[in-house]
Structure formats: C-alpha cells, structure tokens
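Colleague: I would like to learn how to read strand pairing and a chain interface. Please take me through them on this model.

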Amino acid sequence: MIVRILTEGQYNLPGAYIDDLNDIDNQLVEVVETKDQEGFDRLLKQMLDLVREKGSALPVDELVESDLVLPEPDITLEEGEQLFTGEGMLPG
Amino acid sequence: MGILSRMSTVVKAKMNRIVDNAENPAENLDLAYEKQREMLRNVKRGVVEMVTAKRRLQLQAGKVKENITLVENQARQAMAAGREDLARQALQRKQTAVLELDGLDSQIASMELEQEKLTNAEQRLQAKVEAFKNKKEVIKAQYSAAQAQVRIGGALSGLSEEMGDISLAVERAETKTETLKAKAGAIDELAEMGMLDDFSGHGDSLGKELAAISASQNVEDELASLRVALPSGQKKALPGGGE
C-alpha cells in the first residue's frame, strides 16, 4: 500500500497496517470534534510515525499514485477542522 | 469519514484539476511535461518570494535593534542629567521595542521553516519531473501514441499527485507569507506613527495586562541599575547641562 505524507513524500506500507491507521483516524475525528489540541497533536504524530517506522520511503524519482494520503506533519487543529467543513462530517 | 479519506479527497481534487488543465495529457506527453516545468517554476518563484519576505522582516528586526540601542543611550543620558522621568519614558519605549523584536524573530523563524519546506518540495518535484521526462522519451521511442497513453498513465498520475501535494503546500506557504506581510506592514505603520502598543500578539486582556506588568517591572529594574551605575559627580557633566 502506497501512503503519502503531504509535504514529506511517499512510503510503501504493508497493507496489514490499514486497520491501525483507521483506528487512529477514528480517534482523530473525535479530537477534532472536541477541539482537543493535545490529543490532535499526539494522534497525528502517532499516525505519521507508524507510516515512517513501518513503511519504507519510496525513491524520489518513483512515479506512482498513492492509495492513501496523510496530512502534513504541521497541520493545525483548525486546518483539521476545515477538512471537515463544507460537506459536513459523515459518520464512520 | 475520517481525516484520511478527506485528505485523499482534497489531494485527488487538486490532482484532477492539474490533469484536466493539461487537456488529456496522455495524448500529448510533451504538453504534460511543459505543465510540470511550469509548476516547478512556480515553486521556485514561491521560494524566492519567501526569501524576499524574510529579508524584509530581517531588515525590520535590524531597525528595531538599532532603536533599542538608541533608547538605551537616551535613558542613560537622561539619568545622567537627573531626569528620571525621561529615562523611564525611554525605557518604556525599549520594552515595547523588545516585544516587537521578539515578535519579528518568531516570524522570521517561521518563514525559515516554510522556506525549507518549499525548497525540499522543489527538489522532490525536480526529481519527479526528470523521471517523467526520461520515461516519456523512452516510451515515445518504443510505442505508438495509443500504447504510450496507457504506459505513461500511471506515471502521470503519480506525478500529478506530487504536483497536487506541492501546490497545496505552496498555497499554504503563500497564505502564511501574506499574513506575515500584513503583520509586518501594520508594524511599520505603527512604528512610523510612534505608537507601538499592541503588536505582541497577546490577544486576551489578561495576557496584555501581564505583559504590561512585566514590562513596567523591567523598566523599573533597568532604572535601578542605571541609578547604581551613575557616578555621583556625573550629574554636573551633562551635555547641555552647563559646566
């Protein structure tokens, strides 16, 4: 599974980790809802570190589309909220 | 739907726009390549703008530093002349300037961070565009136009995604630069009008009051140390004070 971390690059991550990512993702939705800054920073780091540690970085001249795109490491809680505005937040 | 799917949607939307703009790029690989080079030029321009904005802030910080030295000297002179009231005024100005300098320094640091990110992005895109160019030439040489479309499709998607990523980063950096520029402009104006009161970024009134207390404490502390440093005979040897 190819995963991109915005502004950082792409990683090849074993597909088995998709559940872990989804789990963190669900928690992220909750902390965005409750505007929990500390939780947001912690979960975001946890998510990105999982990809960095368990995945292997793709060579920079590799041209392949990602299966999953993760936010940039310095995304703020406000920017996280903005991701959900517009179309509204869907359950799940 | 979580952050992950949202983020992917945002990037794919960006990416599709880039591919759409290229008017069926698979049919015209050279056109697609041109689009990529244009994007690369935009990123380079973004880096240059960032550097310019940073320089401006650095100049401004330099002026504030000079100003601090100036009011320090004024405070010393005023004390030497026995005018503690004037010295206090000068030191109050100094506190304002010190806060301003802190603000500028943190803005400069954040610009440096943005600049580094954009530079990294530029290098990554450069490598990707090079890779695309090579792939394109090989494919053009070996396959018919229709086959080439199929063969280059994946590479083009990969590259478009990179471009989507980078154009998001550039937009973000631009927004940040604009905000900083606006702030810097506002500080310039205030400085010209001689009223630099509220640039410290302490939005809440508690923060403002605490800052005011610590600033006035600093003023008193400095006054005290100037008083100590003052030789008792010096009061008579003032410029303009008469001998």
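Colleague: How many bridges join S1(A) to strand S2 of chain A, and do they run parallel or antiparallel?

Modeller: Strands of a sheet pair through backbone hydrogen bonds, either parallel or antiparallel. Here S1(A) and strand S2 (residues 9-12) of chain A run antiparallel, joined by 4 bridges. Strands are DSSP runs of E, at least two residues, and helices are runs of H or I, at least four, numbered from the N terminus. Two strands pair if DSSP finds at least two bridges between them. The bridge partner of A:Arg4 in S2(A) is A:Gln10. The hairpin has 3 residues between the strands, and A:Thr7 takes a positive phi near 65 degrees there.

Modeller: A word on the basis. This is a predicted model: local features need pLDDT of at least 70, side-chain atom pairs count only at pLDDT 80 or more, and totals for chains, interfaces and linings use all residues. Residues are numbered from 1 along each chain as its sequence is written, chains are lettered from A and ligands numbered from 1 in the order in which they are written, and side-chain values use heavy atoms, with hydrogens and water left out.

Colleague: Which strand does S1(A) join by parallel bridges?

Modeller: That is strand S4 (residues 68-70) of chain A, through 3 bridges. A:Val3 stands opposite A:Leu68, and A:Arg4 opposite A:Val69. The open sheet has 4 strands in the order S3-S2-S1-S4 (chain A), with mixed pairing. Its edge strands, S3 (56-57) and S4, each pair on one side only.

Colleague: Which way do the side chains of strand S1 of chain A point?

Modeller: In a regular strand the side chains alternate between the two faces of the sheet. From S1 (residues 2-5), A:Ile2 and A:Arg4 point one way, A:Val3 and A:Ile5 the other. All are buried, that is, under 20% relative accessible area (1.4 Å probe, protein chains only).

Colleague: Now the interface. How many residues does each chain bring to the contact?

Modeller: Contact means heavy atoms within 4.5 Å. Chain B gives 30 residues and chain A gives 39 residues.

Colleague: How many salt bridges are there between chain B and chain A?

Modeller: A salt bridge is a side-chain nitrogen of Lys or Arg within 4 Å of a carboxyl oxygen of Asp or Glu. The count is 7. One of them links A:Asp74 and B:Lys117 (2.3 Å, N to O). On the side of chain B that touches chain A, helices H1 (3-21), H3 (84-142) and H4 (145-192) of chain B each give two or more residues. H4(B) has the largest share, 12 residues.

Conventions: Buried < 20%, exposed > 50% of the residue type's maximum accessible area, 1.4 Å probe, protein only.
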